[in-house]
Amino acid sequence: MKPVIMDVDTGIDDALAIAYAARSPELELIALTTCFGNISVQEATRNSLYVLEKLGKPVPVYEGAKLPISGSLKKAYARHIHGQDGLGNTFREEPQGHKAELAAAEYIIRQVKERPHEMTIIAVGPLTNLALAIEKAPDIIPLIGEVVVMGGAVTVPGNATPYGEANIVADPEAAAAVFASGVRLTLVGLDVTMQTLLSSGSLQKWRRSGGELGGWLAEMTEFYIGAYEARFPGIGGCGLHDPLAVGVAIDRSFVSFDRMRVAVVTEGEAAGQTVGSVEGEPRIEVCTKVDAERFLQHFLSRVI
C-alpha cells in the first residue's frame, strides 16, 4: 500500500476524491490536511471530518493555511459551484470528530521525515500548505516520494480566469514555489480533468444501490452537475478533477505525460497561468492525455 496524505479544500469533488482514496486498497490514507480554497479552511476542516464520518474512515485531519502566502485572498470562495456549505448544501449536522492539534505544514514535514521516500502527497487544493512545509524544511524535498497535484491548465484555458485554473489562481506564489522546488511532481490539470465527465445517470445508480452513502453522494454531486449545466448548457455531467489525481496515484497508466518546466504567472491579469516549456529545469510530469472511460469505470467501481 502506498501511504498518502491528501491536502484538500473540501468541496464536492474533494469529497468524491476522498471517498475514492478511502475505498482503494492500493492506498493507505493516513491523514487529510486542509486549506482555504473552495471555502474557508475552517469549513474545509469541518467538511473533511464530516466526509470521513460518512465513509466510516477514522483518519486525522490537520488544519492548514487560511490565506495565501501573500496574506490576502486572490479569489472568492466557490460557493456557486460547491454550495454555501461546500458540499452541495447537504451538510446536516456537525461532525463528532475534531481536528488534530498540529498545523498541516508541520504534519507534512514530520511525516515525510518519519517515512522518507515513501509518502505520496495528493494535493487537490491551493498549494499553500506544501509551499510552507518546503519553505520551513527544504530538506524534505528529496525525501517526498511523490506529489500529485490537481491544478493548472498548461495547454487549455483556465476555469477561474481565462488564464488560470482555480487552485493555482488561489495562490500562484505557492504554486510557483512548489513547481520550482525540484520535488517529484505530477500535474493533473484541466488539460485532462475536463475529459472525465461523471454523468447524471451514475447518480441514479448510486441512489438505487448505494445505500445512505450513495444517496448522499448523489444529492451532493447533483448540485455540482447543476453548476456545470449553468456554465456549459447540455454538458450532462461534471468533471472529476480531484478524483483523477487520486486515480493517477493509484494507476499512472490512466494518463500520458509530457515532461516540462512549468512556470506560474504571479502578477497581473494572467496571475495563476501555468506556462509549460520543454526547456529549462526542474521539469515535472504534466498530464496531457487521459483514458477517460477506463478511469471513470475504475472510479465508479470504488467510490460506493
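Modeller: One definition before the details: a residue is buried when its relative accessible area is under 20%, and exposed when that area is over 50%. Keep in mind that the model is predicted.

Start with the largest pocket. Its space comes to about 610 Å³. The lining holds 30 residues. Nearest the centre lie Ile81, Asn159, Ala160, Ala166 and Arg231. Which elements give two or more residues to this lining? They are helix 1 (12-22), helix 3 (79-82), helix 6 (166-170), helix 10 (211-231) and helix 11 (241-250). Helix 10 gives the most, with four residues. By residue class, the lining of the largest pocket splits into 16 nonpolar, seven polar and seven charged.

How many cavities of 30 Å³ or more does a search of the whole structure find? The search finds one. The volume of the largest cavity is about 30 Å³. Its lining is made of Phe36, Gly37, Leu73, Lys74, Lys75, Tyr77 and Ala170. Four of these lining residues are nonpolar, one is polar and two are charged.

Helix 4 has its own buried set. Ala104, Ala105, Tyr107, Ile108, Ile109, Gln111 and Val112 belong to it. These residues pack against strand 1, strand 2, strand 3 (61-63), strand 4 and helix 5.

Last, the cysteines. A disulfide is a covalent bond between the sulfur atoms of two cysteines. The cut-off for the count is a pair of cysteine sulfur atoms within 2.5 Å. By this rule the model has zero disulfides. Take Cys287, which is in no disulfide. The nearest cysteine sulfur belongs to Cys238, and it is 19 Å away. Is Cys287 buried or exposed? Its relative accessible area is 0%, so Cys287 is buried. Cys35 is also at a relative accessible area of 0%, so Cys35 counts as buried.

Technical notes:
Residues numbered from 1 in each chain as written. Predicted model: local features only at pLDDT ≥ 70, side-chain atom pairs only at ≥ 80, totals over all residues. Heavy atoms only, no water. Buried < 20%, exposed > 50% of the residue type's maximum accessible area, 1.4 Å probe, protein only. Contact = heavy atoms within 4.5 Å. 1 Å grid on protein atoms, 1.4 Å probe; cavity = no way out; pocket = protein on both sides within 12 Å on 5 of 7 lines; lining within 4 Å. Points joined across faces, edges and corners; volume = space filled by probe spheres on them. Nonpolar A, V, L, I, M, F, W, Y, C, P; charged D, E, K, R; others polar.
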